[in-house]
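Dear colleague,

Please find the structure below, handed over for your own work. My notes on it follow directly after.

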Amino acid sequence: MALTSPENKVWWNEPIGRAELIWIGIAFLWGVFMFGMMVWWHLEGNQNLSNEVYRVLPATFEEKTEAFTEKYTVREESDIPVAKPEPGAEVYMLARLWEWWPILELKKGQTYRLHLSSMDWQHGFSLQPVNINIQVHPGLEHVVTLTPTQSGEFSIVCNEFCGVGHHTMVGRIHVVD
Amino acid sequence: MNTAVEIGIIGGIAAKFRTCPATGLKIDIAAQNLIKANAVAAIVFLAVGGVLGLLVALTRWPAVHLLDADMFYLVLTAHGLDVLLVWIIFFEMAVLYFCSAILLNCRIAAPKVAWLGFAMMLSGAILTNVTVLMGESSVMFTSYVPMQADPNFYLGLILFAVGALLGCFVFLGTLVIAKEEKTYEGSIPLVSFGALTACIIAVFTLASGAIILIPTWLWSLGYISHIDTVMYKLIWWAMGHSSQQINMAAQVAIWYAIPAILLGSKPLSEKVSRSAFLMYIFFLQLASAHHLLVEPGISSEWKVFNTSYAIYLAVLGSMIHGMSIPGSIEAAQRRNGYTNGVFEWLRRAPWGNPAFSGMFLSLVLFGFLGGISGVVLGTEQINIMLHNTIYVPGHFHATVVAGTTLAFMALTYLLVPLIFQREIIWPRLAKWQPYLFGIGVAGISLFMMGAGTLGVARRHWDITFSDATLSFDYPPVAFLLLGLNGMSAILAAVGGGLFVIIIVASIIWGKKVDASNIIAALGPMPQKRVSDAVTSYGSAGTFHLPGTYILVGIFFTAFVLYYFVNWKYLSELWILG
């Protein structure tokens, strides 16, 4: 029994029951299938996180985001600029204690290259209610290719703990038709 | 005192021991005291961490919203530390000593080193707790850089990890002594093999913890200027996630041990069960990747291979245990005479024995809630929908609380008579305890996973965003689910509180156990002869186990369905490429 040494000293030569063998086979194949599913989704699926990342100084990223915002600002909301880049543009959004800046206005069905980075600590880009979640690090510029498939008002909640103001960190993306 | 302490030769040198009236094993008094100390420390931290957890759940219940923001983040940090690390690892030390010195009939190696390890763990745990409670270190259990805690926060954790490493080496030393002095014949028992698996993983885990926390501590003191944020996560999670794999190995060992003691069960195949443990050693540690699936700076190839534990070979190990354990129970029960129909063996199992009910609930809840959700959550692309949502704590409350904690509680009901030599006080109350706790934790897991599917963030004080410049409303169902989570947490807290009270009271006031009542003290079981279990009977040859096939079939169907439902949800997301 399980609490004592195996009675048969040469236990590795004992036969394995048929049912157990079948189950091992099923479980193994299921594992191979699940592995293949991730690989296949990279080839055929539409939801894969980009691997395009650059090292960047927070100050440099801030400059780039400010230049982007200045170029594309169309209005303000709650004193935050709303940037409306042309389709296909390089789009910048920075995370800092405790805001996502600026607000973006995108067109449905158009593809954008969204550059994300943090000015201070780690933050969690959580696009709601779509439910896309991406970790944002300081010092790393992550370029995510994004195509909105719905129009409306979307929020970015921070879902990586970033201090006492964490729960007030909300950003915005508008998607228009 | 009923059991005489003798001086005799065990494991080659003179040591104090007593003879266990149930099994005839020589029990090294030094090992027994170490098991007692570690188990008691574990239960104290479980009590503290459990209360903190209740405060967290009551704050996340929007209608109650108990603590203010500062206090919430402080309490959440301490909750994670105390239950995810301190309670679990202290108890695992007790399990390691039990599975080496006691089961192998041996003296424990270097008990003074083991006591030094215990003292380091205890002082480290206290130091970190005090530092957190003083404020200024509310950095969460994960303490991701560049957010910085007080240096003593890291120092306490380093002390704890190094102390636990000493315990691991004492375990390994005890195996060497037992082998050299031939205190057992042939191979070590399967349960000890499982404990050895846990120990090997623990060495990897605790060393990783020390490797990342020592530079982080120096950084907090100003001696190092920069810690890379992605590298920190990679190595930190080699401790943070892999320490849960110690639990995995330890709890599976307990799932084999309890039915062996109560029902006389035997693994279906020694070879298969041991190979499954071996897969844990080879592959479980890759799970650090589960926390890096939506990080910048790591390639998809790395993510896919590591998150799948090398093509799901560690999951294969768990699925093998998932059949072998209920199979061994069914086989033993059929041998015990419960042969009617497909499920008489299960219906007539000792459900009134908290050790058995706790163990079986732990197995089922871990498999269905924790295991399936873990694989889904750890799928590279699906993780985009779930990363850092409250689905994540939903998943790991199913594994670590419903799985590991409940398994440890179940084992404690046997350690009290066998090691503390006391009867369980209030057996009727004890009978209900695993159900209260198990159902409460199942609720916590399910409702958090439900809210996470709706996008609710974890570690978040205010999902109404009342102080935010821009507003956002989660769907109303999310509020309902968090309310139900709070109610489940109350139920689980009642169950957990009962456990602590029953065990502490039993240790202090329980009736003493000796040869006359030891079997009865283990609680109801079909065969009232525990020493019989030591001799050979069990499942060998009885390979027709229809009940187990049905249970495994239900599990697999649920797994496959839930897996594809999540791919379906994923395909509806915005296009990312």
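I begin with a helix and the strands it covers. In this predicted model, helix α2 (residues 58-72) of chain A lies across β2 and β3 of chain A, and its direction makes an angle of about 70 degrees with β3(A).

Strand β2(A) spans residues 73-77 and is hardly covered: of its five residues, the number that are buried is zero. Strand β3(A), residues 80-83, runs antiparallel to β2(A), and four bridges join the pair. Together β2(A) and β3(A) form a hairpin with two residues between them. In the turn, S78(A) has a positive phi of about 45 degrees.

Chain A contains an open sheet of seven strands, in the order β2-β3-β6-β12-β11-β8-β9, with mixed pairing. Its edge strands are β2(A) and β9(A), each of which pairs on one side only. On average, neighbouring strands of the sheet are turned by 25 degrees against each other, with direction ignored. Within this order, β11(A) and β12(A) run antiparallel and are joined by six bridges. S155(A) stands opposite R172(A), the latter in β12(A).

As for the division of the chain, chain A consists of domain 1 (11-44) and domain 2 (53-176). The centres of these two domains of chain A, taken over C-alpha atoms, are separated by 42 Å.

I turn now to the contact between the chains. Chain A contributes 72 residues to it and chain B contributes 83 residues. On the side of chain A that touches chain B, the elements giving two or more residues are α1 (18-44), β8 (123-128), β9 (132-136), β10 (140-147), β11 (152-158) and β12 (170-176) of chain A. Of these, α1(A) gives the most, with 15 residues. By residue class, this side of chain A divides into 34 nonpolar, 31 polar and seven charged residues.

Strand pairing also crosses from one chain to the other. β10(A) and strand β4 (residues 575-576) of chain B run antiparallel, joined by two bridges. In that pairing, T147(A) has I575(B) of β4(B) as its bridge partner.

With kind regards

Technical notes. Residues numbered from 1 in each chain as written. Chains lettered and ligands numbered in written order. Predicted model: local features only at pLDDT ≥ 70, side-chain atom pairs only at ≥ 80, totals over all residues. Contact = placed C-beta atoms within 7 Å. Nonpolar A, V, L, I, M, F, W, Y, C, P; charged D, E, K, R; others polar. Pairing = 2+ DSSP bridges. Domains from an automatic or database assignment. Buried ≥ 20, exposed ≤ 12 C-beta atoms within 10 Å, placed from the backbone. Axes fitted to C-alpha atoms, helices over the stretch in contact; angles between N-to-C directions.
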